[in-house]
Amino acid sequence: MTSRRVVAAVLAVAMLTTTSGCIGFLTGDEALSFSADPAVVDESAAESAGYSTDGPRTLSVNRTVSAAGQEREVVAENQVTTYRKTLDLGIFEADLGVFTVVSTPAVEIAGQTLNPIGEFSNRRLVSLVQDQYEGLNDVQEVSSQTITVQGQQTEVTKYSGTATVQGQEVDVYVHVTKYRDGDDFVVAIGVYPQRLDGEEANVLSMMRAIEHPA
């Protein structure tokens, strides 16, 4: 399992921002643009957990949407911040601890929230990750708990699964949470090997330390 593959899976989630046929207000020639504010983990919390990052990056998604015979371009700018942690499993070292925060605009037009992520359950989000990441298999829900992030209650769901790392099959846990803050939805996903018992506490501490807007 590499951080690049996990990040690609999360980006696939973010790329679902707009879908054809759901906008009923399409007058105008200019593109409708929506930008998310970056979301990050408090620097001291990430450092304490042993994770590092290169900072947020922007993923722009362009869609031409249509309704009632009209078409208009919609541009959504998502923000993605990925944290990595090199872990030693005894037989090799790799960036096995991966924590990704995605902020994606709600995309509101004429009072309607059009970003489907707002309706996605944690199960749906982890299914999208599994669909896009070919090395992640046998994903099963383990437990669920409620934590406080940015002053609001949000559900964190824990899943078990297996991942292929340098030709080796590794049992992993995946933690997923999602909430809305202002005009954006924030999704956080943490993945790490099951044999690292203390890593769950690190992932939860990082979720509690999310800052948005950064």
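**Figure 1. Gln 150 in the loop between S9 and S10.** At 29% relative accessibility, Gln 150 counts as partly exposed, because that class covers the range between under 20% and over 50%. The residue is found in the loop that runs between strands S9 and S10. Its phi is positive, about 55 degrees, although Gln 150 is not a glycine. The model shown here and in the other views is predicted.

**Figure 2. The whole predicted model.** The protein has 214 residues, of which 51% count as buried. Four helices and 13 strands are present. Among contacts with a separation of 6 or more, 64% are between residues 24 or more positions apart. The accessible surface of the protein is about 9900 Å², and carbon and sulfur atoms account for 41% of that surface. Mean pLDDT is 81, with 78% of the residues at 70 or more. In residues 1-24 the pLDDT is below 50, and this stretch has 66 contacts in the model beyond near neighbours in sequence. Where pLDDT is low, the predicted coordinates should not be read in detail.

**Figure 3. Asp 138 and Thr 162, in strands S9 and S10****.** Asp 138 is found in strand S9, which spans residues 136-149. Asp 138 also has a positive phi of about 55 degrees without being a glycine. With a relative accessible area of 52%, Asp 138 is exposed, since the class begins over 50%. Thr 162 belongs to strand S10, residues 152-165. Its relative accessible area is 11%, so Thr 162 is buried. Leaving aside residues up to four places away in sequence, Thr 162 touches Gly 135, Leu 136, Asn 137 and Asp 138, as well as Glu 169, Val 170, Asp 171 and Val 172.

**Figure 4. Glu 199 and its surroundings.** Glu 199 lies in helix H4, which covers residues 199-208. The residue counts as buried because its relative accessibility is 5%. Not counting residues up to four places away in sequence, the residues touched by Glu 199 are Ala 49, Tyr 51, Lys 85 and Tyr 192. With Tyr 51 there is a polar contact between the two side chains, at 2.7 Å. The C-alpha atom of Glu 199 is separated by 8.4 Å from that of Gly 97, a residue 102 positions away along the chain.

**Figure 5. The edge-to-face pair of Tyr 83 and Phe 99****.** The structure holds two aromatic pairs. In the one formed by Tyr 83 and Phe 99, the ring centres are 6.3 Å apart and the planes are at 65 degrees, an edge-to-face arrangement. Tyr 83 is in strand S5 (residues 70-88) and Phe 99 in strand S6 (residues 93-105), so the pair ties together parts that are 16 residues apart in sequence. Both Tyr 83 and Phe 99 are buried.

**Figure 6. Lys 158 and Arg 180 over aromatic rings****.** The charged end of Lys 158 sits over the ring of Tyr 173, at 4.1 Å from the centre of that ring. Arg 180 lies over the face of Phe 185, and here the distance to the ring centre is 5.3 Å.

**Figure 7. The cis peptide bond from His 212 to Pro 213****.** The bond from His 212 to Pro 213 is cis, and its omega is near 0 degrees. Pro 213 is placed in the segment after strand S13, the strand at 210-211.

Terms used
Residues numbered from 1 in each chain as written. Predicted model: local features only at pLDDT ≥ 70, side-chain atom pairs only at ≥ 80, totals over all residues. Heavy atoms only, no water. pLDDT = per-residue confidence, 0-100. Contact = heavy atoms within 4.5 Å. Helix = DSSP H or I, 4+ residues; strand = E, 2+ residues; numbered from the N terminus. Buried < 20%, exposed > 50% of the residue type's maximum accessible area, 1.4 Å probe, protein only. Polar contact = N/O pair within 3.5 Å; in protein donor to acceptor, adjacent residues only side chain to side chain. Phe/Tyr/Trp six-rings, centres within 6.5 Å; stacked < 30°, edge-to-face > 60°. Lys NZ or Arg CZ within 6 Å of the ring centre and 35° of its normal. Areas by Shrake-Rupley, 256 points an atom, 1.4 Å probe, with all protein chains shown as cover.
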